[in-house]
Amino acid sequence: MPNPYEFSREQFSEALADQPAFRVRQLMTGLYEHDLFPEEISTLPAPLRTRLANDFPLSLTIANEVKTDDGETLKWAFRLPDGATIETVLMRYRDRVTVCISTQAGCAMACSFCATGQAGFTRHLTVGEVLEQVVRAARAAAPRRLSNVVFMGMGEPLANYDVTVEVIRRLHTERGMSARNITVSTVGVAPAIERLAHEGLPVTLAVSLHLANDHERDELVPINRRYNLERLAAACEVWNEKTKRRLSFEWSLISGVNDTERHATELAEYAGPLRAHVNLIPLNPTPGYLVVGSPRERIEQFRSALDDRGINVTVRRTRGRSIDAACGQLAHVTNGKRRTIPRR
Ligand code: SAH
């Protein structure tokens, strides 16, 4: 059964053809502007609320909830009706409130350092399942307004392309969010980057680069064997040209794996011509990848090596790390398989 966020305005108009047209407007306003669930939309008559609640049941139930960073970060493992588990994170900053959402239960990309990649792919999420994460986070953020959405949770958004694009459109047209406050993070599915560039959605694109030579990237980020760095750069060029939006590269610093001077040089040579901004992210250790993140001094050296070469670079602070709740580690139960996460 579809959840309340599955249907577009047009689909609701058809499903509620027996109702006056303004009911659909009231419903959409309640769902998207006031973050209400159907039974809470008091402008609708009670029988209609009951009908909507029955016909469009919510999809997500809380399997686990963790608060960290002095309550500024809230992380959920949500269970879907079929038992699959996904993660959603709400991060409150001084100047913005961001939700990190999942587009798939699990992921097929198999990046070795990523907890989700280690667990494998379960299934694509639907539009409604992705949007319900946003609404639940927005409700938890109140009275502050949710300002940013990042597609950096479980899954590869560009592998669930149609859903990702429809979610962006819905956030824009129904929630009134600026596409500029939406970031799509991809492992580097080159043809899908090019396709997205032509959608006319001024989102921020973040490419998870992590290595800038094919030999090593083939191992860490297996999609590189299909779309190598040259192919990826061509897609990034299309992105730059079509969207005029700043591209960013994500680089999770892994001790000895991608944090040496040589790696910094390779990255600078790759990112420079594409005028990409580089985000350095300290690695969150995961149980299936026994390499640690770079020490603080190395991160700083790496940052300044890029800076010296004229690359626009920032170091991103990770959240949720102290409680093993970063990056795919909260949904211990994926696919019905129970995984034990050792505490450091
Ligand atoms: N599949 C998409 C989006 C999800 S991952 C992508 O690859 O971009 C979001 C970001 O978190 C990516 O940059 C990913 O490489 C990074 N990431 C995954 N596991 C991590 C870990 N253990 N430590 C640090 N960053 C990690």
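**View 1. Residues around the ligand.** Ser185, Ser208, His210, Ser252 and Asn284 come nearest among the 19 residues around the ligand, where near means a heavy atom within 4 Å. The model is predicted: local features need pLDDT of at least 70 and side-chain atom pairs pLDDT 80 or more, while totals for chains, interfaces and linings use all residues. Residues are numbered from 1 along each chain as its sequence is written, and side-chain values use heavy atoms, without hydrogens and water. The shell around the ligand divides into eight nonpolar, nine polar and two charged residues, with Gly counted as polar. Strand E8 (182-186) and strand E10 (247-253) each supply at least two residues of this shell; strands are DSSP runs of at least two residues, helices (H or I) of at least four.

View 2. A polar contact is a pair of N or O atoms within 3.5 Å. An oxygen atom of the ligand is 2.6 Å from a side-chain N or O atom of histidine 210. A polar backbone atom of phenylalanine 113 is 3.2 Å from a ligand nitrogen atom. The protein buries 93% of the 530 Å² that the ligand exposes when taken alone (Shrake-Rupley method, 1.4 Å probe).

View 3. Ten strands form an open sheet with mixed pairing, in the order E1-E2-E3-E4-E7-E8-E9-E10-E11-E12; two strands pair if DSSP finds at least two bridges between them. Strand E1 (61-68) and strand E12 (313-315) stand at the edges with a single partner strand each, so one side of each has no neighbour in the sheet.

Note on methods:
Polar contact = N/O pair within 3.5 Å; in protein donor to acceptor, adjacent residues only side chain to side chain.
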